[in-house]
Amino acid sequence: MLEEWKERFRAIRLPLSPEKQRGLFGELCVLRALKEGGNESVVSTWVGPDRSLHDFVSSDWHIEVKTSTTNPGRLKIHPLEQLEPISEKFHLIMVEISPGEGQSLPSLVEEIRVSVENDPGAFDHYEKMLSKVGYRDVDADRYDTLYVLEGFHSL
């Protein structure tokens, strides 16, 4: 019964705000870059939408992603605990994007989806994280801003 009500409330969820869209775009850019590095199992390290302290967590490293559309980039760190020392190697990555003739959030979501569709575990994890962050394919037409990836900055 409780699960049924949860599903009903999920169905009336509002589309992502512009800020949430940009944040998700930045995290997905990092996920794509990690996958291009040859590590196919990296998809399971994307845990930010699961209310994890950091966006990507492995047994050896943690990555916190911040996305900026300003030049020079400005970061908002919240909660501050994200910067506290941990025993694993920690990376703070700023993803710099700008509106322009680039890629939309839905096209980036689909690009990664296609790249993991042959790995059921990675595919299921990816879809679960998209759902937890609030991304729904039915809202894709509302996410029409195109972004250019200007670069990654390790801080």
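Helices here (H or I, at least four residues) and strands (E, at least two) are DSSP runs, numbered from the N terminus. With that in hand, welcome to the structure. This is a predicted model, where local features need pLDDT of at least 70, side-chain atom pairs count only at pLDDT 80 or more, and totals for chains, interfaces and linings use all residues. Residues are numbered from 1 along each chain as its sequence is written, and side-chain values use heavy atoms, with hydrogens and water left out.

**The overall picture**

The protein chain contains four helices and four strands, arranged along the sequence as α-α-β-β-β-α-α-β. Of its 155 residues, 37% are buried; buried means under 20% relative accessible area, exposed over 50%, and partly exposed in between (1.4 Å probe, protein chains only). A contact means heavy atoms within 4.5 Å. Among contacts between residues at least 6 apart in sequence, 72% join residues at least 24 apart.

**The core**

A nonpolar core is a set of buried Ala, Val, Leu, Ile, Met, Phe, Trp, Tyr and Cys residues joined through side-chain atoms within 4.5 Å. The largest one here has 29 residues, and those with the most contacts inside it are Leu28, Leu31, Trp46, Leu105 and Tyr126. At least two residues of this core come from each of helix 2 (18–36), strand 2 (61–68), strand 3 (89–104), helix 3 (105–116) and helix 4 (120–133). Helix 2 gives the most, with six residues.

Ile63 sits in strand 2 and is buried, with a relative accessible area of 7%. Leaving aside residues up to four places away in sequence, Ile63 touches Leu34, His54, Asp55, Phe56, His91 and Ile93.

**A look at helix 4**

Helix 4 has 14 residues and reaches 20 Å from its first C-alpha to its last, close to the 20 Å expected at 1.5 Å a residue; the expected span is 1.5 Å times one less than the number of residues. Its buried residues are Ala122, His125, Tyr126, Met129 and Leu130. Seen down the axis of helix 4, these buried residues fall within an arc of 135°, so they line one face of the helix. That arc is taken from the directions from the helix axis to the C-beta atoms. An α-helix has 3.6 residues a turn, so residues three or four places apart point the same way.

The buried residues of helix 4 pack against helix 2 and helix 3, while the face turned away from the buried side carries the exposed residues Pro120 and Asp124. After helix 4 comes Gly134, whose phi is positive, near 100°.

**Aromatic pairs**

The structure holds three aromatic pairs. Rings of Phe, Tyr and Trp (its six-membered ring) pair if their centres lie within 6.5 Å; planes under 30 degrees apart count as stacked, over 60 as edge-to-face and the rest as tilted. Two of the pairs are set out here.

| Pair | Centre to centre | Angle between planes | Type |
|---|---|---|---|
| Trp46 and Tyr126 | 6.0 Å | 45° | tilted |
| Tyr135 and Tyr143 | 5.7 Å | 35° | tilted |

Trp46 lies in the loop between helix 2 and strand 1 (56–57), and Tyr126 lies in helix 4, so to speak of this pair is to speak of distant parts of the chain, 80 residues apart. Both Trp46 and Tyr126 are buried, as are Tyr135 and Tyr143. Not counting residues up to four places away in sequence, Trp46 touches residues including Leu24, Leu28, Leu31, His125, Tyr126 and Met129.
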